[in-house]
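Subject: Structure handover

Hello,

Here is the structure I promised to pass on. Please open it alongside this note, and read on below for what turned up.

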Amino acid sequence: MDDNTDTNAASGEAFLKGKDLIRNEQLLEDEITALTDYLFDTSQLGIYTPQIYEQLGNSLSLLTQIATCQWGCRNSGHDIEAILRRFCNATLAALRLMNAGLYEEALGQTRNTAEIVNLLELFCLNKSNLEEWKKLSSKEQWKRFGPVKVRLAIENCGEQPVVTENLYSKLCEIGIHISLPSIYQSYEINRALIVGGHFSIQGLIIVLNTLAQIVAPCLVFAGVLVEASKENMRMLTEASQSLLNVKRDIDLTNYESFLTEQKVQRIHEAVNEKLLKSWPKVQELGDEAYNELIQEGKLDTDKLSEQEIRQAVIERAGNKLLENTRRDLQNKDLEWAENASKFAFERKVASLMHMIEKANEQIQNTQNSDHESVDKLYQPHETN
Ligand SMILES: [Zn+2]
């Protein structure tokens, strides 16, 4: 296998250590966060990605309001409120890690939100589940309401869990567990593996879309479970719908096929194109490489044969070409993100939209603010 793993911690000759390593890494993560903010603020992340970000913020605002009794205190032990606190915090942690360029770790936090949203869905389907859950010890809670049990219970009610088995196992595989695919997971075009935070437009899009898919239904479940007023329920379903409107059909379950073409093929083509079209530039790289090697004392022209010198220069120039191409392609990724957002299809979104429409209908039909059991709000929707 090629030596394809890189790090931010190398500083000249000495490899960083101690608190210097930690601070250097966090400084770099802050820079990636600043870059991400800048790209969001200057509309350089396509059309939908910034909208998802904005709508996630709106959604978190509403969930935080519920979690902190801003719409009135139910005086019922703050059970749902406290669960929503954990949901909000996990979402915020995922966003923080995403902005720092730690995308797999962001997906690990996203897995926490996934477990919570399915649990809330089950509580919505039958509130007796919530009462039962509250009476159990944490050990029994895990036995009776572990992620798999919750998913099966939802399916037994004839519903599709927000987080399906497929999505959940991907979140585990990429975000949590160590597996052969996950240790080589890379969102980069050239499959580079980076130790430490590293900006990747692909990683950003996958995290945001996966979060959107989980947060949107959570708004509706939260409203139902705290028996939000008609007006607040409308606000929640509208926010949920807004999030689903901008969400693209890219998540952990399907991104591989979506990204594969973007990766190795593109870098090969781009390198070939450069070799053919801009030969003078390639020659320039050769000169640069030669001068660098001389300066670094790595090219002893007295001792090495002409063949060995040529080989060393070609190797260094080749790496430079690859590095330049990779940089160019990452810039082009910004265009790619825009196109991907524009043209990505919306099958999964449609199935979740169905749920929201039903909830809206229900609100319009309900004369009082009492919420009936959610199976009326939450009709089965097509699976794709
Ligand atoms: Zn309260």
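Among contacts between residues at least 6 apart in sequence, 77% join residues at least 24 apart. Bear in mind that this is a predicted model. The chain holds 17 helices and four strands. Of its 384 residues, 36% are buried.

**The core**

Start with the largest nonpolar core. It has 72 residues. Leu63, Leu120, Val207, Cys218 and Ala222 touch the most other members. Seven helices each supply at least two residues of this core: H2, H3, H4 (103–125), H7 (147–156), H8 (165–176), H10 and H11. H10 gives the largest share, with 18 residues. As background, nonpolar side chains in soluble globular proteins tend to be buried together.

Leaving aside neighbours within four places in sequence, Cys218 is in contact with Leu63, Phe87, Val117 and Leu120. Two of the names in that list, Leu63 and Leu120, also belong to the group that touches the most other core members.

Then look at Leu211, which sits in helix H10. Is Leu211 buried or exposed? It is buried, because 28 C-beta neighbours lie inside 10 Å and the cut-off for burial is 20 or more. Leaving aside residues within four places in sequence, Leu211 is in contact with Leu56, Thr91, Ala94, Thr110 and Thr113. Leu211 and Lys247 are 36 residues apart in sequence, but their C-alpha atoms are 9.5 Å apart in space.

**Helix pairs**

Two packed helices are described by the angle between their axes and the distance between the axes.

Take H2 and H3 first. They pack at an angle of about 150°, with axes 8 Å apart. The crossing of H2 and H3 is left-handed. On the H2 side, the contact uses Leu60, Leu63, Thr64, Ile66 and Ala67. On the H3 side, Glu81, Leu84, Arg85, Phe87, Cys88, Thr91 and Leu92 meet them. The residues of this contact divide into eight nonpolar, two polar and two charged.

Next, H4 and H8. Their axes come within 7 Å and cross at roughly 145°. H4 passes H8 in a left-handed crossing. H4 brings Glu104, Leu107, Gly108, Thr110, Arg111 and Ala114 to this contact. H8 brings Tyr168, Leu171, Cys172, Ile174, Gly175 and Ile176.

From H4 come Glu115, Asn118, Leu119, Glu121, Leu122 and Leu125. From H7 come Pro147, Val150, Arg151, Ala153 and Ile154. These residues divide into seven nonpolar, one polar and three charged.

Leu122 is found in helix H4. Leu122 is buried, because 24 other C-beta atoms lie within 10 Å. What does Leu122 touch, not counting residues up to four places away in sequence? The partners are Asn129, Val150, Ala153 and Ile154. Three of these, Val150, Ala153 and Ile154, are in the H7 side of the contact. Leu122 and Cys157 are 35 residues apart in sequence and 8.9 Å apart in space, C-alpha to C-alpha.

**Two loop residues**

Finally, check two backbone angles. Phi of Cys69 is near 60°, a positive value in a residue other than glycine. Cys69 lies in the loop between helix H2 (48–67) and helix H3 (79–99). Cys69 counts as partly exposed, because it has 13 C-beta neighbours inside 10 Å.

Glu227 also has a positive phi, near 50°, and is likewise a residue other than glycine. Its place is the loop between helix H10 (201–225) and helix H11 (230–246).

Over to you.

Note on methods
Residues numbered from 1 in each chain as written. Predicted model: local features only at pLDDT ≥ 70, side-chain atom pairs only at ≥ 80, totals over all residues. Buried ≥ 20, exposed ≤ 12 C-beta atoms within 10 Å, placed from the backbone. Axes fitted to C-alpha atoms, helices over the stretch in contact; angles between N-to-C directions. Left-handed = near helix turned anticlockwise from the far one by under 90°. Contact = placed C-beta atoms within 7 Å. Nonpolar A, V, L, I, M, F, W, Y, C, P; charged D, E, K, R; others polar. Core = buried A, V, L, I, M, F, W, Y, C linked by C-beta atoms within 7 Å.
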